[in-house]
Amino acid sequence: MMNIFRTAAMRTSMSTVRRMYATEAAANTLRLTLTSPGGSFFNEEGVVQVNVPGSDGEFGVLPNHVPVITTLKPGVVSVLSEGNTEKQFFVSSGTATINPDSSIQIIAEEIASLEDLDISLARKGLDSYSTKLNSADELERAEAEIGFEVYSAMIKALE
């Protein structure tokens, strides 16, 4: 059986396929959208740099970055605005899309400003999920693994 994408690619004329490079976008700033179902922190606002906790590793994004789509692991999104003002946000998971026009959309399941988080509450959350890691119930154990990962990353960010 042939791969569906390969079949579709064979039908596309190579003369019509054109790769977009970030250098084609003449931008001095990134246009950041940072949002979650609970609310937005940035809506296409100009920033200098964004540091992203990608699933394959953390990376920085500057204007004219090569296009990328990645999933997010629990961690800190750092946003550097003009004047070297930095804001830090904790994300539990989500996606980041960096486009050829120097725009970046970060859509997270949950976002909180790092300054709004309490390390003692995070430690209590970690303890709560730690006790459930050896549960016989598969669903409870899976939820505990996710909670443990999120709270561990949160504590690391706050220390």
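1. Let's start with Thr33, which sits in strand β1, residues 30-36. Bear in mind that this is a predicted model. Thr33 counts as buried because its relative accessibility is 14%, and the cut-off for buried is under 20%. Its side chain reaches the backbone nitrogen of Glu44 at 3.1 Å.

2. Who else touches Thr33? Setting aside neighbours within four places in sequence, Thr33 is in contact with Phe42, Asn43 and Glu44, and also with Ile104, Gln105 and Ile106.

3. Next, helix α3, which covers residues 138-158. How far apart are its end C-alpha atoms? They are 30 Å apart, and this agrees with the 30 Å that 21 residues should span at 1.5 Å a residue. At the start of α3, a side-chain oxygen of Asp137 comes to within 2.9 Å of the backbone nitrogen of Leu139.

4. Which residues of α3 are buried? They are Ala144, Gly147, Val150, Ala153, Met154 and Ile155. An α-helix has 3.6 residues a turn, so residues three or four places apart point the same way. The cover over the buried residues of α3 includes β6 (75-81), β7 (85-91) and α2 (119-130).

5. Now the largest pocket, with a volume of about 370 Å³. It is lined by 17 residues, and those closest to its centre are Phe90, Ser92, Glu110, Val150 and Met154. Two elements give two or more residues to this lining: β10 (111-113) and α3. The largest share, 7 residues, comes from α3. Val150 and Met154 are also among the buried residues of α3. By class, the lining of the largest pocket holds 10 nonpolar, 3 polar and 4 charged residues.

6. Finally, the second largest pocket has a volume of about 220 Å³. Of its 13 lining residues, Pro53, Glu58, Gly75, Val76 and Lys156 lie nearest the centre. Which elements supply at least two residues each to the lining of the second largest pocket? They are β3 (49-54), β4 (57-61), β6 and α3. The lining of this pocket divides into 7 nonpolar, 3 polar and 3 charged residues. If you colour α3 on your screen, you can trace its part in the lining of the largest pocket and in that of the second largest pocket.

How values were computed:
Residues numbered from 1 in each chain as written. Predicted model: local features only at pLDDT ≥ 70, side-chain atom pairs only at ≥ 80, totals over all residues. Heavy atoms only, no water. Helix = DSSP H or I, 4+ residues; strand = E, 2+ residues; numbered from the N terminus. Expected span 1.5 Å × (residues − 1). Buried < 20%, exposed > 50% of the residue type's maximum accessible area, 1.4 Å probe, protein only. Contact = heavy atoms within 4.5 Å. Polar contact = N/O pair within 3.5 Å; in protein donor to acceptor, adjacent residues only side chain to side chain. 1 Å grid on protein atoms, 1.4 Å probe; cavity = no way out; pocket = protein on both sides within 12 Å on 5 of 7 lines; lining within 4 Å. Points joined across faces, edges and corners; volume = space filled by probe spheres on them. Nonpolar A, V, L, I, M, F, W, Y, C, P; charged D, E, K, R; others polar.
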